[in-house]
Protein chains: 2
Amino acid sequence: MKTLIVEDDPLHRAYLRDAIAGSLPECQEIIEASDGLAGEQMAREHNALHIVMDLQMSTRTGIEAARSIWRERPETCILFWSNYADEAYVRGVSRIVPEGAAYGYVLKTASDQRLKLALRGIFVEGQCVIDREVRGVQQKSFSHRAGFTESEYEVLIDIALGLTDRAIAKRRSLSLRSVQNRLQQLYDKLDIYKADETGEDSSTFNLRTRAISVALLKKLLNVNSLEQAEIELAEWRSSSRTRPDQRQ
Amino acid sequence: MKTLIVEDDPLHRAYLRDAIAGSLPECQEIIEASDGLAGEQMAREHNALHIVMDLQMSTRTGIEAARSIWRERPETCILFWSNYADEAYVRGVSRIVPEGAAYGYVLKTASDQRLKLALRGIFVEGQCVIDREVRGVQQKSFSHRAGFTESEYEVLIDIALGLTDRAIAKRRSLSLRSVQNRLQQLYDKLDIYKADETGEDSSTFNLRTRAISVALLKKLLNVNSLEQAEIELAEWRSSSRTRPDQRQ
DNA sequence: CATCAAGGTGCGGGATCACGCAACCGGTGA
DNA sequence: TCACCGGTTGCGTGATCCCGCACCTTGATG
């Protein structure tokens with residue numbers, strides 16, 4: 001059995017190495033990569049089916065790397081080891097995990113014990129191991145109460161990218177009015193109004209930008225997800241230019 | 001001589017401890033705190049004049065902690081040890097360092113050697129030690145070419161908070177039109193238009209929100225600075241309600 | 001089948017934003 | 001002294017956004 005570590009911080013890498021050596025005696029070989037891109041290649045070359053991966057790396061996010069790895073070998077077991085349980089990350093991960101694959105999400109603040117249990121659970125037992133803190137976020141984001149539907153999340157990303165209503169409508173194949181409806185729902189759920197109504201002098205907030213601000217503060221959005229969305233947007237823009245306007 | 005470490009990651013804390021012990025034999029005592037708040041208190045209680053501090057911590061940002069520490073004891077030497085050289089961080093730091101204080105900014109990716117040199121330079125020689133990578137950012141942000149003036153940065157933050165033009169005008173004591181002018185300059189410098197003019201079909205972007213997006217992607221803004229700005233905004237809002245409208 | 005809730009769509013209007021044009025003003029250098 | 005320049009302000013217009021009202025799907029439920 002072989003394990004790949006993808007993590008940019010050398011200290012954390014060393015720590016992981018120890019944890020793996022200490023909890024997985026059946027693991028004969030540990031290989032390492034210090035960013036997402038290298039991790040991707042190394043996984044391919046060594047045919048690594050057991051991976052521990054950091055999210056938030058500079059060259060290539062853990063999510064991006066994991067996505068292409070899983071596209072090639074969906075049976076790969078991946079343990080995400082991250083600093084944060086932001087909804088943006090959790091949503092990003094659960095969006096890409098293939099049907100029935102074993103994966104895990106444990107926080108870097110978790111104890112030695114927790115990490116080692118997760119390593120065994122995922123890599124030898126084939127379970128999914130998700131930290132309780134992360135579970136909470138996951139739950140919330142899929143319950144419809146104060147959680148966001150996929151479509152609301154879409155418009156949230158689109159306005160955060162700076163698109164106009166019209167552009168969003170085109171991109172998501174909706175009418176202008178529908179987009180605005182979704183925005184409305186978004187404003188409701190984000191509680192944009194709460195802070196505003198303090199004075200009779202309302203209208204201190206521009207709803208659209210305020211929504212972005214609140215989403216960032218509530219960790220629904222993070223800069224990584226924006227970067228990701230930005231490149232998807234660029235792809236869409238170039239593809240829709242070559243094949244312009246095929247509605248109707 | 002006594003040194004205080006403020007850092008939330010235990011691994012990094014241990015690493016720092018070694019680095020200090022190895023490079024500062026004159027240091028007899030090392031004390032530690034695992035978040036900004038604790039660091040602040042500990043600095044006060046132990047009257048620590050030599051501090052190594054992480055930026056980005058959960059409970060209280062390094063910047064916030066440093067600010068109140070410096071307010072009490074401006075002669076404190078602080079070495080900021082951070083993962084990133086984002087303009088938002090660099091600007092945040094250089095905004096709070098008191099006249100003539102010795103401080104440093106070194107990246108976590110720097111070599112052992114660099115870190116140890118910085119430790120000696122700041123704590124025993126009283127120099128300022130700024131990593132080259134960080135210098136670059138600092139330079140850029142104060143040269144007027146493609147850099148941002150303080151006032152442009154102000155409106156950038158304000159729109160990122162979600163304020164309307166009118167609200168910004170009131171907060172910064174400007175006319176509505178001036179605010180809009182500053183926005184204009186901001187849009188120019190951020191190159192908002194570049195991406196938009198590809199097709200004859202312009203207007204895919206809402207300038208205001210696009211500006212936020214680009215600023216985030218260019219690391220001019222980060223979520224920490226937003227959180228900080230948000231509490232300042234709350235203060236201003238409550239104070240301007242008690243003393244309402246004293247123009248003219 | 002009747003009904004009901006969710007989501008998409010059109011219409012229309014009031015508010016806000018983006019921005020060109022023009023005027024003003026405190027400092028700088030010829 | 002005068003021309004110039006960067007920053008501020010007022011006026012006005014067209015584009016965009018926010019959002020209430022009303023209608024129409026579609027799938028689920030009694």
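This is a predicted model: local features need pLDDT of at least 70, side-chain atom pairs count only at pLDDT 80 or more; totals for chains, interfaces and linings use all residues.
Residues are numbered from 1 along each chain as its sequence is written, and chains are lettered from A in the order in which they are written. Local features need pLDDT of at least 70 and side-chain atom pairs count only at pLDDT 80 or more, whereas totals for chains, interfaces and linings use all residues.

User: Why are the two copies said to be related as by a two-fold rotation axis?

Analyst: With copies superposed by least squares on the C-alpha atoms of residues with pLDDT of at least 70 in both, chain A can be laid on chain B with an RMSD of 0.0 Å by a turn of 180 degrees and a shift of 0.0 Å along the axis. The two copies are thus related as by a two-fold rotation axis. In chain A, the C-alpha nearest the axis belongs to A:Thr209, 3.0 Å from it.

User: How do you know that the copies meet through the same surface?

Analyst: Residues are in contact if their C-beta atoms, placed from the backbone, lie within 7 Å, and 28 residues of chain A are in contact with 28 residues of chain B. Because 100% of the interface residues of chain A are also interface residues in chain B, the copies meet through the same surface.

User: Which helix gives the most to the side of chain A that touches chain B?

Analyst: That is H10(A), with seven residues, where helices are DSSP runs (H or I, at least four residues) numbered from the N terminus.

Conventions: Two residues are in contact if their C-beta atoms, placed from the backbone, lie within 7 Å. Helices (H or I, at least four residues) and strands (E, at least two) are DSSP runs, numbered from the N terminus.
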